[in-house]
Amino acid sequence: MSISMTMKRLLAAAICAGPVVAVGACAHPPAESEARAEYKRTNDPAEPTNRAIFAGNKFVDDNALQPVARAYQEHMPSRAQKSIHNFASNLGQPAVAANDLLQGNFSRSWNTIQRFAINTTVGGAGLFDVATDWNRPGHTADFGQTLGVWGVGPGPSVQLPLLGPSNVRDTIGTAIGMVANPTNFIPGGAAATVGMAAGVAGAVDGRARALNATDSLERDFLDYYAASRSAAAQRRAALVAEGKTGDVDRPKEGAASDR
């Protein structure tokens, strides 16, 4: 077993412990009607624990992740940023295709398989998104979304160390996705090294792309924790709805792609 796979399993086990902590920290619903309604709306019974984890996450983000992401955004040439994004995204396509299949979205899965084949070959190992130019647009899919498509509710809010706001369903989905990702089973140390490098590059690129949204939430809302929790819940609900529809969103004729 590779070091990369071992680390992923350990991280997955730690992530799975999140819902257990949340359940263990559940408070009793308030008796007052308005407070009870707010309690049900936010679905965050372990809020004190989640806020403590959020504070730790914010400290790491402010002092480590954000500075790197801002330097990447400001100093890395835009074409290089696009290539890094494309490369990391392309390595995730087998997992997307697998979840498309599990959701019963066969046309989406076939589209994703074609994207992976085209971009891995013609696209220079995924550095260029040729597939979008060839009318095979990309999308995201993960196991948390798959569970949602099949009717599993989100459950209580969970704040994951380093990974941020989530819920019980998506926390389990994240852990399973880490261990069951098809790229984990490619033999050879080179594959594991490339996977780890792509994961780091993808994390930096993803944080850089999220800077505008998180800066806006922190600037415009008094309660940054509640705002980020709400935004994450809305984003995940939209992703589940998209998976239930199962459409391949073909770009309009002549639309330019962001390669």
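How are H5 and H6 oriented to each other, roughly parallel or roughly antiparallel? The answer is under the second heading.

## Model and confidence

This is a predicted model, in which local features need pLDDT of at least 70 and side-chain atom pairs count only at pLDDT 80 or more, while totals for chains, interfaces and linings use all residues. Residues are numbered from 1 along each chain as its sequence is written, and side-chain values use heavy atoms, with hydrogens and water left out.

The mean pLDDT (the predictor's confidence in each residue, from 0 to 100) of the chain is 87, and 80% of the residues score at least 70. Helices here are DSSP runs (H or I, at least four residues), numbered from the N terminus.

## H5 against H6

Helix H5 (residues 93–102) packs on H6 at about 165°, and their axes are 8 Å apart. Those axes are lines fitted to C-alpha atoms over the stretch in contact, with angles running from 0 to 180 degrees between N-to-C directions. So the two helices, H5 and H6, are roughly antiparallel (angles over 145 degrees; under 35 is roughly parallel, 65 to 115 roughly perpendicular, and the rest oblique).

On the H5 side, the residues in contact (heavy atoms within 4.5 Å) are Gln93, Pro94, Val96, Ala97, Asp100 and Leu101; from H6 come Phe106, Arg108, Ser109, Thr112, Ile113, Arg115 and Phe116. Sorted by class, this contact has 7 nonpolar, 3 polar and 3 charged residues. Asp, Glu, Lys and Arg count as charged; Ala, Val, Leu, Ile, Met, Phe, Trp, Tyr, Cys and Pro as nonpolar; the others, Gly among them, as polar.

## H3 against H11

Helix H3 (residues 47–75) meets helix H11 (residues 224–245) at about 95°, with axes 11 Å apart. That angle makes H3 roughly perpendicular to H11.

Glu47, Asn50, Arg51, Phe54 and Lys58 in H3 touch Tyr224, Tyr225, Ser228 and Arg229 in H11. The class count for this contact is 3 nonpolar, 2 polar and 4 charged residues.

## Two residues up close

Leu102 sits in H5 and is partly exposed at 46% relative accessible area (buried is under 20%, exposed over 50%, partly exposed in between, with a 1.4 Å probe and protein chains only). Beyond its neighbours within four places in sequence, Leu102 contacts Phe143, Thr146 and Trp150. The C-alpha atoms of Leu102 and Phe143 are 8.7 Å apart.

Ala117 belongs to H6 (residues 106–121) and is partly exposed too, at 43%.
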